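Student: Could you walk me through this one before I set anything up?
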Amino acid sequence: MSIRVKCRHCKKEMGHLTGQSVLQHGRVKQMKEEFSEEFITENEEGILTVNSICEHCEKSLLDNPDYYAMQKWIQ
Ligand SMILES: [Zn+2]
């Protein structure tokens, strides 16, 4: 069991959770409730990727909401 947390804007890896502790604490279930399905992807190896947002992009987003809104449209 492995979970990667990535920034969906700059693709930077923010964190990596592995092992039993993830399951024991029910993190996956919690994360699935916390984030909508579209933000969590699972690959063929069973690795979950959570598409989140890093501190840097969050700050940029707050500073330039229009810029990021535009980017989202283009994608
Ligand atoms: Zn980022």
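The chat below goes from the overall layout to one hairpin and its loop.

Student: What should I keep in mind about the model, and how many helices and strands are there in the protein?
Tutor: This is a predicted model, and the protein has four helices and four strands.

Student: In what order do the elements run from the N terminus?
Tutor: Starting at the N terminus, the order is β-β-α-α-β-β-α-α.

Student: And what share of the residues is buried?
Tutor: Of the 75 residues in the protein, 5% are buried; in strand β2, which covers residues 13–18, the count of buried residues among its six residues is zero.

Student: Ok, which way do β1 and β2 pair?
Tutor: Strand β1, residues 2–7, pairs with β2 in the antiparallel sense, over five bridges, and one of the residues involved is Val5, whose bridge partner in β2 is Gly15.

Student: What sits between those two strands?
Tutor: The hairpin has five residues between the strands, and Lys11 is found in that loop; its phi is near 65°, which is a positive value in a residue other than glycine.

Student: Is Lys11 buried or exposed, and why?
Tutor: Lys11 is exposed, because 9 other C-beta atoms lie within 10 Å, and a residue counts as exposed if that number is 12 or fewer.

Conventions. Residues numbered from 1 in each chain as written. Predicted model: local features only at pLDDT ≥ 70, side-chain atom pairs only at ≥ 80, totals over all residues. Buried ≥ 20, exposed ≤ 12 C-beta atoms within 10 Å, placed from the backbone. Pairing = 2+ DSSP bridges.
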